[in-house]
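Reader: I would like to learn how to read cores, sheets and helix packing from a model. Please take one feature at a time.

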Amino acid sequence: MRVTKGAQIVAGTALLALAVAACGGGASDNGGTAAGGGAETPVRMELGEPQALLVPSNTTETEGSEALGAVFEPLVTYDENKNAVEAAAESITSDDQKTWTIKLKSGYTWHNGEPVVAQNYVDAWNYAANQENAQSAGYFFGRIDGYADLNPGEGKPVTTKTMKGLKAVDDSTLEVTLTAPFSQFKTMLGYTAFYPLPKAAFGPDGKVTQQYGEQPIGQGLFKMDKPYRKGTDQTIDLTVYDKFPGTKPKNWTKLQFKIYTDTDVAFNDLLANNLDIHDSLSPSAISQAKSTLAERYQDQPDAGIGYIGVPLKYNPELNNVDIRKAISMAIDRKTIAETVFSGTRAPADDFINPAIAGYRQGACKACTYNPAEAKKLYDAAGGPKTLELGYNADGGHKEWIEAVANNLRQNLGIEATAKPFEKFASILDDLKAKKYKGLFRMGWAIDYPSAENYLTPIFSTGAIATGSNYGGYSNKKFDELLAKGDQAATTEESLKFYQQADDILIEELPYIPVYFYRNNSGYSTNVKNVKVNLLNQIEWADVEKA
Amino acid sequence: MGRYIIRRLLQSIPVLLGATLLIFTIVFALPGDPIAALAGEKQSNPNLVAILRERYHLNDPLLLQYWHYISGVLFRGDLGINFSEVPVSQLLAGKFQVTLNLALTALIIEALVGVGLGLWAALRRGKATDTMILASTLLLISVPTLVSGFILQYILGVKLKQWTGADIFPIAGIANGLRSYLLPGFVLAGVSIAYLTRLTRTSLAETLRADFIRTATAKGLSRRRVVGRHALRNALIPLITFLGADLGNLMGGAVITERIFNLPGIGLQLFDSVYLREQPVVVGIVTILVLIYIVANLAVDLMYAVLDPRIRYE
């Protein structure tokens, strides 16, 4: 066989190089199961890829929070009545709702053995609030006195490193002064942003190190076995921390988060018993989950809510409240929740979600489907003959927005069309630029489980500039009631004011609530007693191996 | 020979620079502010957005941004960082490996099954076997990867495990070593198998009618030797061309397969990064894909010389 030797060698080498490159990966990937497994099969939990490194103050999405929730113990958790109860804190008290004293429970240590002290909280919160560190959860500290000093604005240097309202009185006492009274402060403290950070988290330059973000040292139930390299690793492996002072799981010690890009794939893994807990079942998986998993399928309210947003500020035509009421009554929420979302949503009948204390069933009268009344009201008020419904095409909203448009067309006899935008931000940009003035899709997931969180950030006058009040709704009385609620001495009293504020929204419908989210989870035959808490995290100490 | 290779590699430099600039510009032109989009649907803190825009040089004009990027790559070997502060080189190293494993598994399956079936069909031309193979390739072409992936995953992954208890084909992830790639590799190779089968069949059938085959048969050579040595080797040239070009396609087009089987590869990463407008990541991935196309094409050209001694490169 006559072949040019050179060509043969080169072609051969190229093929060999590719083959060797391929084999390299196979070998190293095998390590994953061996390290995670050991003698004990871990409890395997579904997770989406965390958005950023695992740093509490830079984690504002559910996946990263879920992973961090296993590594850290929050100051408060939430009981069956949806009220905040102390966890890592011994007591959280205030006389005037402005100066708060947080006493820490003793016995908590970091996973590297050091004791947890009040200064750890001070360090973490100051770091989070400082604009130079560009932490996405920095805004959580906006109510603490001194936040403004750490956030002088774009391009201006930060002259201090600490907030004056935040002090460690001694190793176990933390004193927090707010700029204004806020009765819900205790409720906020269960959120990821408020976790402390150990000394080991900070590098010589005073910034949280990348190494820490890959393997955070916490003070919670689980300790991470090895660093999690985002983008490469498909699991986060954890072991119960022996010195954890709280309740530990009865008969298991290893936890593994398995990272999936598609929740339906994870569902297949659950069916094949390669996964134990799946807490984000998609609508397409629901019917099979119900029949196959039976009692291992769970369905409970989730704190999210979906609205049709009304651009009051940008479209004077919609300022008449009767028009908004008519639109609201023309929407068949039940069919949308049951058919479009396969039962993974519930029809909305309040601005406060059923998962949170303060919800009142059927509070929103205009949220009941009533096409005849809607048509009468709409015609009498002289509503616009054409309406556009903007939605962001990246989040699976097309179907329900088109269903709403269809409702409006049929029931109000107007020209209603769904209009896609590439991202949610593009809708807002076009509204501001006056290029668009139609209705828009809007959703809200809470930052902390308080009725107040459904009101202030979305509808208060202050939120037009700094919050998520995209419609530009403004009502003095509403703002006053919120302020009263913030200053109230007890939880019950504050809730009373918040509900009065809620009543105003129900009367005026600045947005039209359409559905409440529900959380759909399932678990395998390997585990039992799986409970999902208010923050959508599993109560790990309760889970038992079957 | 050596000169030829060096010349080909040098030619690829302007191609690479052009490709990076083009991709960089395209991602730049996408609408919306990538930093503001990081906050999802909540109002992003304008302060934070300003600081991050500054950090990632997003306020600079296009060419200056490109210079920041390309100078980092050329002078410091630094591929930049993405918006969650993970170095692109670290991000891509692991993912690239996954996709390469997947693509090569697919390529091997494709070569074995495709050429095998094509050979069989060509030798049984016009008979029932031939018709059946042609019909089944038609089926493979018409079923989209999305459908075949989910169906095979459900039957071979979920149901087979429920029936037998044995975990033969892992459903998701790469935790089971090279075994993890078998099913996704087959799914990814599906359409190519069909094309390759048809290509092999046609090419071989044509060669079998050539004069030199009649000569070889007349010389008294065995059927095996006539087909294997004389016919197949000559028929291979178009097949090698197809396979070489397909390696790039498989690597770049594995998004759906990677998603179905939860493989953390560059296809998925590319999809996410285009969406998030992470220029360094998108450009990094595309550069690697362009490199692979170049190297694969070079290897194909060199293979011609191996298969057909009349072809020489000077």
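Author: Start with a definition: a nonpolar core is a set of buried Ala, Val, Leu, Ile, Met, Phe, Trp, Tyr and Cys residues joined through C-beta atoms within 7 Å. A residue is buried if 20 or more other C-beta atoms, placed from the backbone, lie within 10 Å of its own, exposed if 12 or fewer, and partly exposed in between. This is a predicted model, in which local features need pLDDT of at least 70, side-chain atom pairs count only at pLDDT 80 or more, and totals for chains, interfaces and linings use all residues. Residues are numbered from 1 along each chain as its sequence is written, while chains are lettered from A and ligands numbered from 1 in the order in which they are written.

Reader: How many residues does the largest nonpolar core have, and which have the most contacts inside it?

Author: That core has 244 residues, and Ala326(A), Leu389(A), Val404(A) and Ala103(B) have the most contacts inside it. Its largest share, 17 residues, comes from α5(B). Helices (H or I, at least four residues) and strands (E, at least two) are DSSP runs, numbered from the N terminus. Not counting residues up to four places away in sequence, Val404(A) touches Ile308(A), Ile331(A) and Leu389(A); contact requires C-beta atoms, placed from the backbone, within 7 Å.

Reader: How do I read a sheet? In what order do the four strands of the open sheet in chain A stand?

Author: Strands of a sheet pair through backbone hydrogen bonds, either parallel or antiparallel. Two strands count as paired if DSSP finds at least two bridges between them. Here the order is β4-β5-β7-β6 in chain A, with antiparallel pairing. β4 (89-93) and β6 (166-170) of chain A have a single partner strand each, so one side of each lacks a neighbour in the sheet. From one strand to the next the twist averages 20°.

Reader: Over how many bridges does β6(A) pair with β7 of chain A?

Author: Four, in the antiparallel sense, with β7(A) spanning residues 173-177. Leu166(A) stands opposite Val176(A), and Asp170(A) stands opposite Thr173(A). A hairpin through two residues joins β6(A) to β7(A). β5(A) pairs with β7(A) over five bridges, again antiparallel, and there Lys103(A) stands opposite Thr173(A).

Reader: Which residues of β7(A) are on its covered face, and which on the uncovered one?

Author: Leu174(A) and Val176(A) make up the covered face, and Thr173(A), Glu175(A) and Thr177(A) the uncovered one.

Reader: Now helix packing. At what angle do α8 and α10 of chain B pack?

Author: Two packed helices are described by the angle between their axes and the distance between the axes. Axes are lines fitted to C-alpha atoms, for helices over the stretch in contact, and angles run from 0 to 180 degrees between N-to-C directions. For α8 (182-208) and α10 (223-252) of chain B the angle is about 160° and the axes are 9 Å apart. That makes α8(B) roughly antiparallel to α10(B); angles under 35 degrees count as roughly parallel, over 145 as roughly antiparallel, 65 to 115 as roughly perpendicular and the rest as oblique. Among the residues of α8(B) at this contact are Leu188(B), Leu196(B) and Leu204(B), and α10(B) contributes residues including Leu232(B), Pro238(B) and Phe242(B).

Reader: What are the angle and axis distance for α10(B) and α13(B)?

Author: About 170°, with axes 9 Å apart. These helices are therefore roughly antiparallel to each other.

Definitions and conventions. Two residues are in contact if their C-beta atoms, placed from the backbone, lie within 7 Å.
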